Structure formats: structure tokens, C-alpha cells
Amino acid sequence: QVQLVESGGGLVQAGGSLRLSCAASGSIFSINVMGWYRQAPGKQRELVATITRGGSTNYADSVKGRFTISRDNAKNTMSLQMNSLKPEDTAVYYCNAAILGWRTGQNDYWGQGTQVTVSS
């Protein structure tokens, strides 16, 4: 079984910072693309940022220059440093990863989500 667990969400004032973390565990051979997505109330889930195994990154226009995604391949972890937070960043943030298991093909996995609330 493969599991993704997020941590680091919380309540912060506008202009503040938070750091989210995601840890993958289980029968993992390798992890390809990892990413963060978010879903605000009444809205569809949207891409925040992705990072390849080699470190190439991609960001939503709304977070460019404020958020930084990173990963540690040796530890199967990923982080999202969020600075200059805005109320519109309020959402449940989900970790996503394309994982190749030892006995399975590549599958897409999601974490349980962590709430980020930015007050004005």
C-alpha cells in the first residue's frame, strides 16, 4: 500500500507564510511527477504547482513568485513554501504523486488534504 500524508496547514494572516509537507510511504520503487493541488469551497480542484523527479517545476499563474515547490527524492517527500499569502489562497491543499510500486504499475495517488485558511 502506498500512502501520501500532508502536514503543515493552518490559519495565517494575509501576507504571512506557511510551509506544507507531503510524505510518501509504502511499497515505492520510484516517484515521477509530484504536485500540489487545491480546492476552495464551491470551486473545482486546481493545480498549484508540480515538480518532476529531475526538479523541473511548473506553477499556476496565481502563485508564481509567491510559492516554491521542492522535493527530496531520497526521502520521498515534497514541500510547498507559501509566502505572501492572500485570502484567495484559502483552500484544502492536496498532495499528488505518480508512483511506481514494486509490484504495481504506475498509479496516481492523493493525500487526504490539509486546510489552509488566510484571513484578511
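Visitor: Which order do the strands of the open sheet of four strands have, and what is their pairing?
Guide: Before the answer, please keep in mind that this is a predicted model. The order is S1-S3-S8-S7, and the pairing is antiparallel. Neighbouring strands here are turned by 15 degrees against each other on average, with direction ignored.

Visitor: What makes S1 and S7 edge strands?
Guide: Each of them pairs on one side only, and that is what the word edge refers to.

Visitor: How do you know that S1 and S3 pair?
Guide: Pairing takes at least two bridges between two strands. S1 and S3 are joined by six bridges, so they pass that cut-off. As an example, Glu-6 has Cys-22 in S3 as its bridge partner.

Visitor: How many bridges join S3 to S8?
Guide: Six again, and the two strands run antiparallel.

Visitor: How many residues lie between S7 and S8 in their hairpin?
Guide: Four residues lie between them. Asn-76 sits in that turn and has a positive phi of about 55 degrees, although Asn-76 is not a glycine.

Visitor: Where does Ser-84 lie, and why is Ser-84 called partly exposed?
Guide: Ser-84 belongs to the loop between S8 and S9, and its phi is also positive, about 50 degrees, although Ser-84 is not a glycine. The relative accessible area of Ser-84 is 40%. Buried means under 20% and exposed means over 50%, so Ser-84 counts as partly exposed.

Visitor: Is Asp-89 buried or exposed, and how do you know?
Guide: The relative accessible area of Asp-89 is 1%. The cut-off for buried is under 20%, therefore Asp-89 counts as buried. Asp-89 is found in the loop between S8 and S9. Leaving out residues up to four places away in sequence, Asp-89 touches Arg-38, Arg-66, Phe-67, Ser-84, Val-116 and Val-118.

Visitor: Which backbone nitrogen does the side chain of Asp-89 reach?
Guide: The side chain of Asp-89 reaches the backbone nitrogen of Lys-86, at 2.8 Å. That distance falls within the 3.5 Å limit for a polar contact.

Visitor: Why is the pair of Arg-38 and Asp-89 called a salt bridge?
Guide: The rule asks for a side-chain nitrogen of Lys or Arg within 4 Å of a carboxyl oxygen of Asp or Glu. For Arg-38 and Asp-89, the closest N and O atoms are 3.0 Å apart, so the pair qualifies. This pair links distant parts of the chain: Arg-38 is in strand S4, Asp-89 is in the loop between S8 and S9, and they are 51 residues apart.

Visitor: What makes Arg-66 and Asp-89 a salt bridge?
Guide: Their side chains meet at 2.7 Å, N to O, and the limit is 4 Å. Arg-66 lies in the loop between strand S6 and S7, 23 residues apart from Asp-89. Both Arg-66 and Asp-89 are buried.

Visitor: Which residues do salt bridges that share partners join into one network?
Guide: The network consists of Arg-38, Glu-46, Arg-66 and Asp-89. Arg-38 is buried, with a relative accessible area of 6%, whereas Glu-46 is partly exposed at 37%. By the same rule, the count comes to four salt bridges.

Visitor: How many residues has the largest nonpolar core, and which have the most contacts inside it?
Guide: This core has 31 residues, and those with the most contacts inside it are Trp-36, Leu-80, Met-82 and Tyr-93. The largest share, five residues, comes from S9. In soluble globular proteins, nonpolar side chains tend to be buried together.

Visitor: Which residues is Met-82 in contact with, leaving aside neighbours within four places in sequence?
Guide: They are Gly-16, Ser-17, Leu-18, Leu-20, Arg-66, Phe-67, Tyr-93 and Val-116.

Technical notes: Residues numbered from 1 in each chain as written. Predicted model: local features only at pLDDT ≥ 70, side-chain atom pairs only at ≥ 80, totals over all residues. Heavy atoms only, no water. Core = buried A, V, L, I, M, F, W, Y, C linked by side-chain atoms within 4.5 Å. Buried < 20%, exposed > 50% of the residue type's maximum accessible area, 1.4 Å probe, protein only. Contact = heavy atoms within 4.5 Å. Axes fitted to C-alpha atoms, helices over the stretch in contact; angles between N-to-C directions. Polar contact = N/O pair within 3.5 Å; in protein donor to acceptor, adjacent residues only side chain to side chain.
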